[in-house]
Amino acid sequence: MSSIPRRYHITTFGCQMNKADSERMAGILENMGFQFSEDPNQADLILYNTCSIRDNAEHKVYSYLGRQAKRKLQQPNLTLIVAGCVAQQEGEALLRRVPELDMVMGPQHANRLEDLLEQVFAGNQVVATEALHIMEDITKPRRDSQVTAWVNVIYGCNERCTYCIVPSVRGIEQSRTPEAIRAEMAELGRQGYKEVTLLGQNIDAYGRDLPGTTPEGRNLHTLTDLLYFVHDVPGIERIRFATSHPRYFTERLIRACQELPKVCEHFHIPFQSGDNDILKAMARGYTHEKYRRIIEMIRRYMPDASISADAIVGFPGETEEQFENTLKLLEEMSFDMLNTAAYSPRPGTPAAVWENQLSEEVKSDRLQRLNHLVSIKAAERSQRYLGRIEEVLVEEQNTKDPTQVMGRTRGNRLTFFTGDINQLKGQLVQVKITESRAFSLSGEAISVPQPALV
């Protein structure tokens with residue numbers, strides 16, 4: 001075992017699911033005796049946890065790999081691993097393209113990292129991309145935050161959106177049991193974490209694969225039931241969840257969010273397009289009218305709730321009029337935040353081989369126009385916070401101004417105010433908002449709690 005490298009570095013690309021996977025893998029490595037290195041060039045084991053949703057993320061991976069592959073020529077004991085969605089997508093082809101790699105590992109194998117590394121240290125090149133049932137995760141993640149944490153509740157995806165490779169690389173839906181989720185949250189509460197975000201590719205599909213039905217005929221386990229089940233976990237002050245799919249979003253879920261005080265007033269529900277023909281081509285399973293009804297229902301029960309979404313422009317065949325329907329939906333719904341992207345063909349997806357692809361110029365122009373409107377509408381939504389007192393969970397020091405701390409409101413708005421991070425980290429502080437911007441707020445603390453024991 002003396003030949004095992006002792007310093008590791010993980011670079012994470014992509015979504016919150018990938019970040020949560022990286023935390024778990026970091027926990028496994030530290031349990032094995034590895035120490036984290038901020039500098040990848042000082043690490044003996046480098047792991048790239050990859051994303052294949054966007055083309056530029058994939059190119060970044062190969063760029064990073066190229067630099068470390070050259071380094072391995074001088075340091076043959078360097079261990080190089082590619083995990084995540086690009087690994088699942090490319091499989092053995094990655095080894096042919098970058099023969100210096102030691103391991104290619106799909107997302108479903110994150111919990112098996114130690115076993116797979118034993119094979120690597122025995123002198124083997126390892127490709128672990130076969131589908132498997134995800135065993136309950138008993139590892140302790142190395143959390144990037146001491147205040148907030150991600151907790152996976154459902155892995156995989158059963159949707160078949162024509163632009164998306166996630167079902168191919170993350171496998172079918174597999175829900176964790178409510179008891180396992182609650183146990184992980186309870187441990188986080190004991191460790192001093194204050195906020196948990198429950199994660200799933202389509203989190204409101206949670207429980208469809210678990211056994212049992214109610215007398216009314218619905219699934220025994222749903223996201224709504226899970227929220228009630230974990231709501232009273234000691235120490236956890238806030239609960240969030242992401243990402244919701246409009247196909248499964250229910251009025252019952254909204255009522256639960258209204259009733260449960262720990263559940264934050266923030267919903268992330270991608271709409272992807274405001275045009276029904278494009279939504280049909282995407283195989284999203286809903287219309288823009290249904291999506292609008294969901295937003296209207298949220299605002300009926302929770303008028304001040306913050307709503308964010310995702311949108312794609314330049315999908316194959318999208319006309320100018322269809323793009324303008326997306327602008328119209330954004331204009332009328334007034335989201336607090338919208339993550340935007342120009343369509344990028346992903347290998348193995350149906351839309352990638354369609355002949356009606358749009359030019360990069362058209363996609364870039366539409367993305368610019370959409371982003372301009374996003375900033376305007378987000379700034380308008382931020383105005384409502386001015387003069388209000390908001391509860392902010394303090395997470396970090398403001399790196400640009402050491403006299404300030406930063407945290408998030410219950411509506412997920414990043415907020416800055418003057419304070420001592422050593423005193424306030426992990427505390428819920430009442431802050432009077434004095435300045436609003438499109439995507440953040442500034443304010444003044446109106447009461448300072450006693451120092452937190454973090």
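This is a predicted model: local features need pLDDT of at least 70, side-chain atom pairs count only at pLDDT 80 or more; totals for chains, interfaces and linings use all residues.
**Helices α12 and α13**
- On the α12 side, the contact is made by E320, F323, E324, T326, L327, L330 and E331.
- R366, R369, L370, L373, V374 and K377 contribute from α13.
- By class, this contact has six nonpolar, six charged and one polar residue.

**Helices α9 and α11**
- The axes of α9 (residues 251-259) and α11 (residues 288-301) cross at roughly 30° and come within 10 Å.
- This pair is therefore roughly parallel too.
- The crossing is right-handed.
- E251, I254, R255 and Q258 of α9 meet I294, M297, I298, R300 and Y301 of α11.
- Five nonpolar, three charged and one polar residue make up the contact.

**Nonpolar cores**
- The largest nonpolar core has 55 residues.
- Inside this core, M185, L198, L227, F241 and F335 have the most contacts.
- Setting aside neighbours within four places in sequence, F335 is in contact with F271, Y291, I295, I307, S308, A309, L329, L330, K377, A378 and R381.
- L330 and K377, both partners of F335, also take part in the contact between α12 and α13.
- A second, separate core of 21 residues includes M25, F34, A83 and V120.

Notes. Residues are numbered from 1 along each chain as its sequence is written. Side-chain values use heavy atoms; hydrogens and water are left out. Axes are lines fitted to C-alpha atoms, for helices over the stretch in contact, and angles run from 0 to 180 degrees between N-to-C directions. Helices (H or I, at least four residues) and strands (E, at least two) are DSSP runs, numbered from the N terminus. Angles under 35 degrees count as roughly parallel, over 145 as roughly antiparallel, 65 to 115 as roughly perpendicular and the rest as oblique. A crossing is left-handed if the near helix is turned anticlockwise from the far one by less than a right angle, and right-handed if clockwise. Contact means heavy atoms within 4.5 Å. Ala, Val, Leu, Ile, Met, Phe, Trp, Tyr, Cys and Pro count as nonpolar, Asp, Glu, Lys and Arg as charged, and the others, Gly among them, as polar. A nonpolar core is a set of buried Ala, Val, Leu, Ile, Met, Phe, Trp, Tyr and Cys residues joined through side-chain atoms within 4.5 Å. Buried means under 20% relative accessible area, exposed over 50%, partly exposed in between (1.4 Å probe, protein chains only).
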